[in-house]
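Look at the sequence and the model, then read the points by topic.

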Amino acid sequence: MKISILYFSQTGNTQRMADIVKTGMETVPNVEVRMFPLDAVDDDFLNESKAVIFGTPTYFANTCWQLKKWFDESHNYNLGGKLGAVFATANGLQGGFHTALSTVIDHLITKGMLVYSSGTGCGRPYIHLGAVAVKGHYEQGESLCYIFGQRIAQKASELFGE
């Protein structure tokens, strides 16, 4: 089963977390995961993916404009019915990552995706809207991103595995 991770990363922090999400996903059997910066998406792989995870840095208490533009112009992709999830990076605890996550989740719902984060259903650590890595606390964020990746891949396998 194919899973895509799409992200934008200006400084490398969001890409770093995408790598960790991918590593967590790869612990689940029969999963093929590929990462794509927004400007280099493999159209065929994305369209064949059963789950798509989006990574965004937090800018001015919201998602980056590059991801918003991608959603606005993503007419080539049928995201409907795929499992969707989101993670974010932020420079501070009060940086607005909740708004960034919620904004992307709104886009996922608008595209017809099935949204999943693992919430409280998988126990601690709780990942309510999506995983977050905050500057100065990246070690904790890395751990959350790894677990987040595992949980998303497990749910995708449960829903779409053969």
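**Aromatic pairs and overview**

The structure holds 5 aromatic pairs; rings of Phe, Tyr and Trp (its six-membered ring) pair if their centres lie within 6.5 Å, and planes under 30 degrees apart count as stacked, over 60 as edge-to-face and the rest as tilted. This is a predicted model, in which local features need pLDDT of at least 70, side-chain atom pairs count only at pLDDT 80 or more, and totals for chains, interfaces and linings use all residues. Residues are numbered from 1 along each chain as its sequence is written, and side-chain values use heavy atoms, with hydrogens and water left out.

**The rings around Phe-54**

- Phe-54 and Trp-70 make a tilted pair, with 5.7 Å centre to centre and 55° between the planes.
- Phe-54 lies in strand β3 (residues 51–57) and Trp-70 in helix α3 (residues 65–72), so this pair ties together parts 16 residues apart in sequence.
- Helices (H or I, at least four residues) and strands (E, at least two) are DSSP runs, numbered from the N terminus.
- Both Phe-54 and Trp-70 are buried; buried means under 20% relative accessible area, exposed over 50%, and partly exposed in between (1.4 Å probe, protein chains only).
- Phe-54 also pairs with Phe-71: the centres are 4.9 Å apart and the planes at 45°, so this pair is tilted.
- Phe-71 lies in helix α3 and Phe-54 in strand β3, so the pair ties together parts that are 17 residues apart in sequence.
- Phe-71 is buried, as is Phe-54.
- One aromatic cluster is formed by Phe-54, Trp-70, Phe-71 and Tyr-77.

**Gln-66 in helix α3**

- Gln-66 sits in helix α3.
- Its relative accessibility is 16%, so Gln-66 counts as buried.
- Leaving out residues up to four places away in sequence, Gln-66 touches Phe-8 and Leu-38; contact means heavy atoms within 4.5 Å.

**Helix α4**

- Helix α4 (residues 97–110) has 14 residues and reaches 20 Å from its first C-alpha to its last, close to the 20 Å expected at 1.5 Å a residue.
- That expected span is 1.5 Å times one less than the number of residues in the helix.
- The buried residues of α4 include Phe-97, Ala-100, Leu-101, Val-104 and Leu-108.
- Among the elements covering the buried residues of α4 are β3, α3, β4 (83–90), β5 (114–115) and β6 (131–134).
- An α-helix has 3.6 residues a turn, so residues three or four places apart point the same way.
- Gly-112 follows α4 and has a positive phi, near 85°.

**Helix α5**

- The 23 residues of α5 should span 33 Å at 1.5 Å a residue, and its end C-alpha atoms are 32 Å apart, which agrees.
- Among the buried residues of α5 are Tyr-138, Leu-144, Cys-145, Phe-148, Arg-151 and Ala-156.
- The cover over the buried residues of α5 includes β1 (2–7), α1 (13–25), β3, β4 and β6.

**The largest pocket**

- The largest pocket has a volume of about 290 Å³.
- On a 1 Å grid over the protein atoms alone, a cavity is a set of points where a 1.4 Å probe fits but cannot get out, and a pocket is an open set with protein on both sides within 12 Å along at least five of seven lines; lining residues have an atom within 4 Å of a point.
- Grid points are joined across faces, edges and corners, and a volume is the space filled by probe spheres set on the points.
- The lining of the largest pocket has 16 residues, of which Phe-97, Gly-130, Ala-131, Val-132 and Leu-144 lie nearest its centre.
- The elements giving two or more residues to this lining are α4, β6 and α5 (138–160).

**Cysteines**

- The count is 0 disulfides, a disulfide being a pair of cysteine sulfur atoms within 2.5 Å.
- The sulfur of Cys-122 is 16 Å from the closest cysteine sulfur, in Cys-145, which is too far for a bond.
- Cys-145 is in no disulfide, and the nearest cysteine sulfur, that of Cys-64, is 15 Å away.
- Cys-122 is partly exposed, at 38% relative accessible area, whereas Cys-145 is buried at 0%.

**Backbone points**

- Most residues other than glycine have a negative phi, and most peptide bonds are trans.
- Phe-60 is not a glycine, yet has a positive phi of about 50°.
- Ala-61 is not a glycine either, and has a positive phi of about 65°.
- Phe-60 is exposed, at 85% relative accessible area, whereas Ala-61 is partly exposed, at 34%.
- The peptide bond from Arg-124 to Pro-125 is cis, with omega near -5°.
- Pro-125 is in the loop between β5 and β6.
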